[in-house]
Amino acid sequence: MGSGWSSEEERQPLLGPALGPAPAAAWRSREAAAAALPAAAPGPGRVYGRRWLVLLLFSLLGFAQGLVWNTWGPIQNSARQAYGFSSWDIALLVLWGPIGFLPCFAFMWLLDKRGLRITVLLTSFLMVLGTGLRCIPIADLMLKRRLIHGGQLLNGLAGPTVMNAAPFLSTTWFSADERATATAIASMLSYLGGACAFLVGPLVVPAPNGTSPLFASENSRAHIKDRIETVLYAEFGVVCLLFSATLAYFPPRPPLPPSVAAASQRLSYRRSFCRLLSNLRFLMIALAYAIPLGVFAGWSGVLDLILTPVHVSQVDAGWIGFWSIVGGCVVGIAMARFADFIRGMLKLILLLLFSGATISSTWFTLTCLNSITHLPLTTVTLYASCILLGVFLNSSIPIFFELFVETVYPVPEGITCGVVTFLSNMFMGVLLFFLTFYHTGDYIRDKFSGLNRLSPE
């Protein structure tokens, strides 16, 4: 973004010279932005220790949002028995996440015009309302289901900020050699929250078939409902605590910018959209991100529902989802740290990750079609294929974010990442919409493999 933001090699065309402005032109625009800084402006380069506290608060907020979003998928069998949810309800509870991205552009405008603090406070307040709505004690199951759906929608409205603002935060607070790492931590924690839902839900809430290792002997409807409500109250308490911490301390920006990029002027809201929509290189990279990542996110959210036809228990599906996302978060942060030191390899890293994802998804699909392929369907092969798929796809997210920001600078980071996450959630919504009507595992398994063959070439 600034003069030390990328190497000359990284600024070479990704998709050929005819698909967008020349790299030299992009580089000249960065130099012009840096030169346009007011002469009286303080010299950039100052970093503050409090940046790690800001990153921690934002990351924990993303963690909590992901945890709340994925509450119901891992315990869908228990939720059916406790509240009378149907397959349509389970899919819709996950679908509220991508639906919450419909006002994404309003949150991008707020982030661009009002800054990070106001946007984060509004986001955390929506999460407090959403988690609180799910905890209202009502005996009427129909009304209770509606409150739960409303709470999930409010939590979904918090998604645009926690998913889009990570590059904006890293540019505002961190130096050039820490940006990719900060972006990875802030963006990956939301996925880690979703992963912990795979772990917390099945371990705390007993499954109707008695497969829960902790509460196998008590699986009555009342006991299951009590355990689900315990999870809901705990999530409400965590969100309230984070809202209080954010209200007490979350500065919008440091006193002095940490880098040239943080001090540079950016395009206006309208000009940013014109630049994004007219940049074919950016649009093609955005589709390469949005289709596989959006489909995988929706697929992971209802993994228990999808694996039930092949006799995978609620607990096993939870562990598969947990390790696939955790592995992706760990590898993603490591990749981002590597990219901080060696610029110019973002495209190569993405190509390697997507190649691994394609092989893993093909392996999973062929294994599930064992009646045709005669490949062994064992716990080891199921765990290995799903976990490797999650590792390869989830670890590409921070690398993609860095590539997006590089490609369209000086468009503000929040607007750039907002557009691509909106596209990703649109594809997630399409998958969950079809799952609403075709809620058999075979349909999703058969269609999933080919979606990872898009790569940013």
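Predicted model: local features only at pLDDT ≥ 70, side-chain atom pairs only at ≥ 80, totals over all residues.
## Helices α17 and α19

As for handedness, α17 passes α19 in a left-handed crossing.

Which residues of α17 and α19 make the contact? On the α17 side they are Leu353, Gly356, Ala357, Ser360, Ser361, Trp363, Phe364, Thr367 and Cys368. From α19 come Thr381, Leu382, Ala384, Ser385, Cys386, Leu388, Leu389, Phe392 and Leu393. Sort the residues of this contact by type and you get twelve nonpolar, six polar and no charged.

## Helices α2 and α6

Now for another pair: helix α2 (residues 51-69) packs against helix α6 (residues 116-134) at an angle of about 30°, and their axes lie 11 Å apart. That angle makes α2 roughly parallel to α6, because the cut-off for roughly parallel is under 35 degrees. Here, too, the crossing is left-handed as α2 passes α6.

Helix α2 brings Phe58, Leu61, Ala64, Gln65 and Val68 to the contact, while α6 supplies Val120, Thr123, Ser124, Met127, Thr131 and Arg134. How do the residues of the contact of α2 with α6 divide? There are six nonpolar, four polar and one charged.

## The buried face of α5

Helix α5 takes in residues 104-114, and its buried residues are Cys104, Phe107, Met108, Leu110 and Leu111. Why do they line one face of the helix? Look down the axis of α5: the buried residues fall within an arc of 160°, so they sit along one face. As background, an α-helix has 3.6 residues a turn, so residues three or four places apart point the same way.

## The chain as a whole

Zoom out and the secondary structure comes to 22 helices and zero strands. The chain has 457 residues, and buried ones make up 58% of them.

How about sequence separation? Take the contacts in the chain between residues at least 6 apart in sequence: 84% of those join residues at least 24 apart.

Methods:
Residues numbered from 1 in each chain as written. Heavy atoms only, no water. Axes fitted to C-alpha atoms, helices over the stretch in contact; angles between N-to-C directions. Helix = DSSP H or I, 4+ residues; strand = E, 2+ residues; numbered from the N terminus. Parallel < 35°, antiparallel > 145°, perpendicular 65-115°, else oblique. Left-handed = near helix turned anticlockwise from the far one by under 90°. Contact = heavy atoms within 4.5 Å. Nonpolar A, V, L, I, M, F, W, Y, C, P; charged D, E, K, R; others polar. Buried < 20%, exposed > 50% of the residue type's maximum accessible area, 1.4 Å probe, protein only. Arc of directions from axis to C-beta.
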